[in-house]
Amino acid sequence: MSDSVVTTTDDLDVRLEKHRVELTGYCYRMLGSSFEAEDAVQDTMVRAWRNYEKFEGRSSLRSWLYRIATNVCLDMLSAGNKRARPVDLSDSTPLAQAALSPRADNTWLEPMPDARVLPTVADPAEAAVAKESVRLAFMAALQQLPPKQRAVLILREVLAWRANEVAELLDTSVASVNSALQRARATLAERDDKAADAAVSDPLDEEQQRLLERYVAAFEGYDMAALTALLHEDAIMTMPPFDLWLTGHDDITGFMTTIGSACEGSRLIPVQVNGLPGFAQYKPDPEAGGYAPWAVQILEISDGGLTGFHFFLDTKRWFPLFDLPLHLEAESDQIEEGA
């Protein structure tokens, strides 16, 4: 059965649903928000369902869905909000001046489980490109582009669409698509990223795996000397929704033993997030016993050390997104890895 022929509502449901993960990845790159991306995809599916009788099969169902999703995202971006990381909004703060000042949720780039945005593909090179394109630094760079340039760059560079396919989707000319792509590339090339992306193998090589094991031991043991040995000299730590970010192992470990001292005794559960290794952090719960959720951590690795780690603290939002429990019993030794 071709994409243009659907005989029952069940057939249509199945054919729409098989595109959900890749569409979520596309909308996430466009919007920078996990929840807005899922809302955009749901809106896309509803529009496709309602308008399927008007779909004449002149393009594939996949291309038609991308057209709808692009229009949904462009409408959502019309307000002009650009999501960011703390490093994009201010200079780092010395520990002596550290203060936890939250900003509104729609300020921040949001984390996303790999399983929700990265379809299973057979080609390792294609899989690597997909992972690189959802990492925080690349996502932050995308946010600097005007919405249509953003769409062109994602479709051409990440999804490998041909220029004529993108032109048809956007109802424009090939020349316009090529011009937009050139401008988008120039903008990204000029970007002075304060937190360059990690050089992470896929899958992790033995050295990187050992580094993560040492990180877990250091963090769970709250061993600041061991943690310092893993951090690059200019490593950074961020904690959205707070705009504070720290640089250098002295300030990072100093923060962890003062303002962040309640994290001592935490447990870490591995998660796959934004194409990078990460952990769900649970800290001791003195009231209920066991452990309460505290943060989703994303780690950046380069040259045998940690260049950055990012703590996303809105656990009521993030832990359900990753299918993680909202409490760990003290005697529980293991839970399944998050999605």
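View 1. The model shown here and in every other view is predicted. Helix α14 spans residues 249–256. Its buried residues are I252, T253, G254, F255 and M256. The helix lies across β1, β2 and β6. Relative to β1, α14 runs at about 45 degrees.

**View 2. The six-stranded open sheet.** The strand order is β2-β1-β6-β5-β4-β3, with mixed pairing. Strands β2 and β3 (267–273) form the edges, each pairing on one side only. From one strand to the next, the twist averages 20 degrees. Strands of a sheet pair through backbone hydrogen bonds, either parallel or antiparallel. Helix α12 lies across β3, β4, β5 and β6. The angle between α12 and β5 is about 145 degrees.

**View 3. The β4–β5 pairing.** Strand β4 covers residues 276–284 and β5 covers residues 291–302. The two run antiparallel and are joined by seven bridges. G278 has I298, in β5, as its bridge partner.

View 4. Searching the whole structure turns up one cavity of 30 Å³ or more. The volume of the largest cavity is about 60 Å³. Its lining consists of A84, R85, P86, V87, L109, L136, I236, T238, P240, H310 and F312. Two or more lining residues come from each of α5 (86–89), β1 and β6. By class, the lining holds eight nonpolar residues, two polar and one charged.

**View 5. A cis peptide bond at P240 and P241.** Most residues other than glycine have a negative phi, and most peptide bonds are trans. The bond joining P240 and P241 is cis, with omega about 20 degrees. P241 sits in the loop between β1 and β2.

View 6. D171 is not glycine, yet its phi is positive, near 55 degrees. This residue is found in the loop between α10 (163–170) and α11 (174–190). D171 has 62% relative accessibility, so it counts as exposed. D323 also has a positive phi, near 55 degrees. It belongs to the segment after α15 (315–321). D323 counts as exposed because its relative accessibility is 57%, and the cut-off for exposed is over 50%.

Methods
Residues numbered from 1 in each chain as written. Predicted model: local features only at pLDDT ≥ 70, side-chain atom pairs only at ≥ 80, totals over all residues. Heavy atoms only, no water. Buried < 20%, exposed > 50% of the residue type's maximum accessible area, 1.4 Å probe, protein only. Helix = DSSP H or I, 4+ residues; strand = E, 2+ residues; numbered from the N terminus. Pairing = 2+ DSSP bridges. Axes fitted to C-alpha atoms, helices over the stretch in contact; angles between N-to-C directions. Contact = heavy atoms within 4.5 Å. 1 Å grid on protein atoms, 1.4 Å probe; cavity = no way out; pocket = protein on both sides within 12 Å on 5 of 7 lines; lining within 4 Å. Points joined across faces, edges and corners; volume = space filled by probe spheres on them. Nonpolar A, V, L, I, M, F, W, Y, C, P; charged D, E, K, R; others polar.
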